[in-house]
Each structure stands twice: as structure tokens, then as C-alpha cells.
Amino acid sequence: MDKEYNHKEVEKKWIEKWSKSDIYSFKNDGREVFSIDTPPPYTSGVAHMGTILGYVWFDMIARFKRMRGFDVYFPHGWDTQGLPTELKVEKELGKSAKKDRSKFREACKKWTEYSIERMSRQLKSVGYFPDWNNVYVTMDRDYWRRVQYSLLKFHEKGLIYIKEHPVHFCPSCESAIAKAEINYREEEGYLNYIKFKLEDGETIEIATTRPELLPACVAVAVNPEDDRYKDLPGRKAIVPIFNQKVEIFSDRAVDPEFGTGIVMICTFGDEQDVKWAYERGLPVVKAINQRGKLTKVAGKYKGMGILEAREAIISDLEKQGYLVKREKIVHQVAVHDKCGTPIEFVPTLQWFIKVRQFKEDIIGAAMSMKWIPDYMLQRLIDWAESLDWDWVISRQRIWGTPIPFWYCEKCHYIIAPREEELPLDPTEREPPVKECPSCGSRRISPARDVCDCWVDSSITPLVITGWPNEREKFEKLYPVSIRPQGYEIIRTWAFYTIFRCLMLTGKPPFKEIVINGMVLGDDGRKMSKSYGNVVEPDEVVEKYGGDSLRQWVSTGALGKDVPFSWKEVKHGHKFLRKLWNIARFVKQNTSDYDGSEYDVSELKPIDRWILYHLDQLIESTTNDFERYEFPQIMRRIWSFTWNKLADDYLEIVKHRIYDPKSIEEKRKTQFVLLKVLRDLVKLVAPITPFIAEEIYQEIDGRKESVHIEEWPERIGSWLEEGAEVSVLIIRGIRRYKGEKGIPLNRKLKEVEIFVNDQRLLGEIRRNLEDIEGATRSEILIREGVPEIDVVVKELEPDISKIGPEFKEKTKDVIEQMRKIKSEIGEEKLYKSLLNSGIIELKLESGETVNVSERHLKIRIERRVGDKEIVDIGDPRVKVLVKP
Ligand SMILES: [Zn+2]
Ligand SMILES: [Zn+2]
């Protein structure tokens, strides 16, 4: 073994070896299965710290389960289709490149392949090893086939429909987007107070932030409780500039506090407007088209963009005397999470999956799973209960799974292909029928839209288990054991997966769902370029290695955001070097070990002491891994390794190795050293897989990999008080030498131990050889308590305490203190202070004052004759030392 641990070389070596081996593959050999529904990362080109955090989490779980004897099924996937890639390629090639759909797809595919290669390398560099031979890619034809087949099944159940429907629409991306893709942003804007004339000549004032929607105004409303406007409902208002007459009605949903308390309703203004339009059967007026431009109902404003139209209409309102005032306000604007453009409601032809009616089933399925942490379940329930609309699955895009249907333009009847024809792009085929089977129309069109990428990813538990055609595999693997994922996609990925899988199989898709948090910057804020707190995983791996980064990951708690910490990473790196040095020591000193095994009872008390603490560590580590409670695991391992193993045990047994009393003694020590190191290496294997493998191969190597070794079991050791106290004694003497600058291997002239407890004395006596060996000194042990002398080294008035309290008498007090000290001596003065708690001083002025311990600087030393006392923290034991 090299003198220094070289993480770069070691990690590189194992990445190569593991990539070629099949230690991470599913064996299907009859053992209990543990399966993971791996989140397919989006192929954005680079894995960020947040990605690394999530993937390392469940890689640790998989490694633990594998060592616990499970047959771990751990495939990997890539989520490849969707907007970010399409936008990237579009930016590179220009919008016109999209005219040729298949060429455009080819370009997206190329970028994605590059991205997969790069991200695989990054994931491997942090020791993330699913079964790299079992990988699905959502852009593959076979993946398309399964997605399209699932849609065929939904269609058969009557759950797919198309409808001209107002949907959230991003005018910049020119695509419908899901509610889950909406963010809210605070923005400055104007609240415009506009005069509306009533039919009968009166005027009212209406405040709106969106005057460009005036051409689509179809009604005006007030709150029925609003005393100011009791006489308005039932009358008619005339919309300025556009002059349509609209009805005024009353509705409790109107907020009387907003603006003037009177609102205008435009068919696609916001969600509330859309609700009213449907509830009250108001006319449907489309003022804004899919490119975010005003339509012909806007008259002379037709073709203008939203902001342009807003300003033009305001300026005209002002000229014609309709504008009362403009108030600056800050309001919440709904924007597209991908591009930040404010969202519009635009009625377009969209494809839907019926989901609202299954809310209760979805919640029921979610409740049948174990959620870790458990409070995350509520997020899913809240989301399910807030759903107003069905799921819009269509996107007006190219880079996605084609929606595999044709439809009748007249009656919206859907025509499906046959199962054997999948996968397909309906735009490249003739429809299977010439006329609509429902209405006879000959206007049959292919779906030109592609699927929302959640349609791809929400069947991953089905795809990885062989659905729909690999029956046997499916029966064995579905539902999967765990779904790990981030909390920010509960309302999308978790929700849609539970829904789809439940509808397609009748069963919930997973047994446990484990939710991780996000990575924050080291300043506790969100990692973001604008805060300058972004740390790229590559940089950390380059400097300190994957094992160090993984230790930082392990110190975070599930469900919680984890701040990145260079300090933790560096500490992790320090641990690697420590562990390496220990392993090197053990290897060097066990080269002649003959493989003898011993029962715990045959060993020395201090051997049982280290084995007892190892047992404790095995138990707590096992329990924590079982419950996915990681934060304490490494902290306990660090403490055991640094303190108990390296500082105490190794130092104590060195004499048995270098200068053994018998070959038997040496063998036993070698047995314990190897046992402790082997188990320790297994315990850290899920968190620091590289160094664990390297050391395992150096000291054991019975199996191809430590990662298919058996998880350590407790050896069943026990703790003797005498051993614990003996370790304290040794630690105390070694520390004493260190403090006095005495070399650790130098013999002390005299060491005497008094034990005021007969049973304890007997137990400590049994460790005498180890105590002598570890301290390189002869030890005298006896029962009882030594006569302790107290030597006063310093007894001085503390002016900083006396001054503020005695004020102008200070000088007098100090003088009298000095006097009494020289009269009766420090020793006596100290004793009388101990007896009465005070020292009485007669001042020059004749006044008597008391000073107590808090007014004095006191330093004493306890000695026994010419020996110093070493404090070991146990009142029954006194260790006396003469250097
Ligand atoms: Zn957008
Ligand atoms: Zn039809």
C-alpha cells in the first residue's frame, strides 16, 4: 500500500473495473428483491450538485441493501425529450430547421447522446453505480412504443379527449404548459382606473392591470355584499373604445378590496375569468393568439404584442378621457418556469387525460405507500385536492414522443392505430380510416403535437419492470421497492406516476417513496449563478475525490435542503487519509497472521472493549441505514475510527505486536485488528465505496468486491468497566506526556495507581500488561486513596473583580491582602478560605470587609509527595506520576 492515499488513482481504477464487472447487476437468483425506480435525470448536458446529491443518496441505499443480501434491481434511465433540448437545438440551428421534423429530431438526438456520455462520466466519478448495462432512454423507439401503448390503453378506457380549451400557454415557447410548470414572480405594474359608461348614461370606474383585454371583456361583476354597488347588477355597461355592451352581475368571488370593487371579466383573463365564462355561459372571445399577439377582435390593435397593445390602448383611453388614473403596484405574475415569460390563457386544441375524477383513488394509493419523511405525503394530497382541470398532455413541439392518434377535425373523434403499429409518428402515416366513424367527416388529421415529458417519465416503474410484454419479469418486480426523488417534483413526477400506473395495472407503483431535498449554497441560499455560490461537482471530485463528496452528502437529512460545505468535504478527505493509515498499519503488522480465529471470551479485556464499541457501531449504522436516517452514520464512524480505534486501541496494542509476550498474544491481537478493520471497511462501503474497495482488496479480497460482501454482524462482545477505565488511564498518561513534552515512548520514573474500589481494582489489574506496554512504564497498583497535598502556586487579589466592587477602597483592600498573605502564608490563607469561604480584612479606615474566592486569582496543584496527579475523569481512580 502507498504511504499516502491517492484518491485520484484509486477512484479511477475502480470506476474502470466496476464498469466492466457485473457486481451491480440483478442476479434473479431467488433472493429477496430490492428494486429502485431511479429518477431519470434530464439530459441537460451537465450534472449539478443537486443531481449528485439525489443520486448519491440512493446509491448508498442500494449498496447497503446489496450487502444485506438483497438481489438489488437498480436500472438507470435518461429523461431526454422536452423543451430545454428543443430550445437549445433551435437556438443553434435557427427556427427554420424545425420545418424538417426528422432532421430536427436527429440534431436533438445528437446533443442528447453527447449529454448522456458526459453526465454518465460525472455520475460515475462520485461512485454512482446502478446497473450501467440496464439503461433506458426516453427518446428510444422502444421507450416511445411503451409510452404510446400506455396512451392506447388510456384511450380504450375513454380517458383521452381533445378539446378547444383555454390552457396555460407560454407565448414565447408557443406551447401549452402544465399548471405544475408555473412559477409566480413579483412584478411592478400599473393598476389602471378606467371609466365605463352605463347604458343609461351613468359612469362607473373599473381598475385593471390588463387593459389590452378590453376587446375580450364579456361582463362586469361586483360583490353582492358591497353596499356601494347594490343597484348595479342587471344593468349594462359599455366597454370603452370597443363599445360592446356587457351585463353586470354579482358574485361572491369578486374581491371588494381590489381596485374599485368592480371587475371586468374577459374570457381568458385569468383562471377566475375562465371559471366564470364556463359557469355563466358567457360568450367566448379570443383576444390573444398563440404567439402572444392580439387577434382581429382587437380591431386596429390587431397583431400587436401584449405590452405594445397595453400601452397603445392606455394612451387612447387617456386621449378619449376614459383613463382616471394609474397606480403603481407590485403584483404576482404567473410565469413559465422554463423561460420566465408571463403566461396567458389561450384556447387551443389540446389533448387531455381525464384525471380529476380519480383524485380520491390517487390519494388512496399514495396513502398505501410509506413516505419518508412522512410529512411529504401531505404535499401530494394538497396538490391532488387543488386540481381543477384535467391533465393537458400535448405540447406544440417536435422533440417528444408523438401523440399516436388521428382525430376528426369536425367532431374531435379520436382514431387510434393498432398496437402492432407502435411506435409511430402519425404525421408520417396515412390515417387508418378515410372518414370519421362518428360523423362521417373526411377531415381526418394526425396529432401534430408531442407528449409532455411527464408522460414519458410517469411510467418508469412500468418500463423498468418489463411492462407490458415481459409478463414474468413484471410479476416479479412490480411494484418496485422504492421511488427516490426530490420534493420539488412531488406534484408532477410522483403524482403522475401514481396515477398512470394505478390506471394501467390497478396497483400502486411503489412501496416506499423517499424524498430528498435540494442543495443550497454554503451561505444557506439557493445555489444560483447570481449569488455566486454555485459549486460544480467536478471541481470537488477533482480536489478531494468522490468519496469525500459522498461523506458530505451523507451528513444531510432526507427531505431537508442541504447546504454545500467545503469544510465537510475536507473533513471527509481527512478521514480517508486516516483510514488509509490505519489500514496500512494493520496490513504491515498482520502479514504473518495465520488465520487463527478466537472466541471473544479468549481475548483480553481491552480487545473486548474495542469489539464492544464496534458492535455498538454496527448496530447503530445498520439501524440508521434501514431507516434511511443518514446524518449520524459518518459522525459515529469518524469518532470510532479517530478516537477509539486510532488514538486508543492501536496505541495500546502496539507493544503486543512489536514486543509480544507470546506468539498467542500476537495472533489474538492480529485477529482483532483484522476483524475491526474488515468490519469498519464494510460499514463505510455504502458511503465511501472507492476506498472501501481498495482496502478490502488489500486486506481481504475473498470476494470480487466488498460491495457484494456480507454486511457485518455483531460479534457479541461485552464491556468491562475495568477495561474502559484502563483505557482512560492510558489516555491520561499519554496526554500527560504530550503536555509535558515527554516523548511517548520514554519510560516514566514512577507510575502509581490508587483505586478506591476493590472490584474495579481487580479488573484494572487484568489490564496491567497493556497499561504498562502502552505507557512504556512500570505501574504500581494499590487499593485506597492517597494522601493528597495541595500546593498553592498562586493566590493573588484579582483587581478586575475587586475594583468594580470595592471602588475607592480597592487600594486598601489589596494592601491588606498582601499583608495578611505575608503574615500567615499562602497555604494557611488558602485553608482558612476553604473552611470559612471568606477572608476577613481590616482596612486602614478601621472598616472590616470580606473577600471570597471570586475576588482572587488562585492556582493550586494537587500532589502526592513528589508525584503529580493525572486527572482521568473517574473519582475512584488516582493516577500518580513522577516524570
Ligand atoms: Zn416559455
Ligand atoms: Zn367526426
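**Exercise 1. Which spacing do the donors of the zinc ion (ligand 2) follow along the chain?**

Before we start, note that this is a predicted model, where local features need pLDDT of at least 70, side-chain atom pairs count only at pLDDT 80 or more, and totals for chains, interfaces and linings use all residues. Residues are numbered from 1 along each chain as its sequence is written, chains are lettered from A and ligands numbered from 1 in the order in which they are written, and side-chain values use heavy atoms, with hydrogens and water left out.

*Step 1.* Find the donors, meaning N, O and S atoms within 2.8 Å of the metal (3.2 Å for Na, K and Ca). For the zinc ion (ligand 2) they are the SG atoms of Cys-408, Cys-411, Cys-436 and Cys-439, at 2.2 to 2.3 Å.

*Step 2.* Read them along the chain: the spacing is C-x2-C-x24-C-x2-C.

*Step 3.* Strands here are DSSP runs of at least two residues and helices of at least four, numbered from the N terminus.

**Exercise 2. Is Cys-408 buried or exposed?**

*Step 1.* Take the cut-offs: buried is under 20% relative accessible area, exposed over 50%, and partly exposed in between (1.4 Å probe, protein chains only).

*Step 2.* Cys-408 counts as buried because its relative accessibility is 0%. Cys-439, by contrast, has 33% and is therefore partly exposed.

*Step 3.* Gly-158 lies 196 residues from Lys-354 in sequence, yet their C-alpha atoms are 8.6 Å apart in space.

**Exercise 3. How many residues line the largest cavity?**

*Step 1.* A cavity is a set of points, on a 1 Å grid over the protein atoms alone, where a 1.4 Å probe fits but cannot get out; lining residues have an atom within 4 Å of a point.

*Step 2.* The structure has four cavities of 30 Å³ or more, and the largest has a volume of about 180 Å³, which is the space filled by probe spheres set on the points, joined across faces, edges and corners.

*Step 3.* Its lining has 15 residues, with Lys-179, Leu-387, Trp-389, Asp-390 and Trp-391 nearest the centre. Strand E16 (391-392) and helix H13 (490-505) each give two or more residues.

Notes
1 Å grid on protein atoms, 1.4 Å probe; cavity = no way out; pocket = protein on both sides within 12 Å on 5 of 7 lines; lining within 4 Å.
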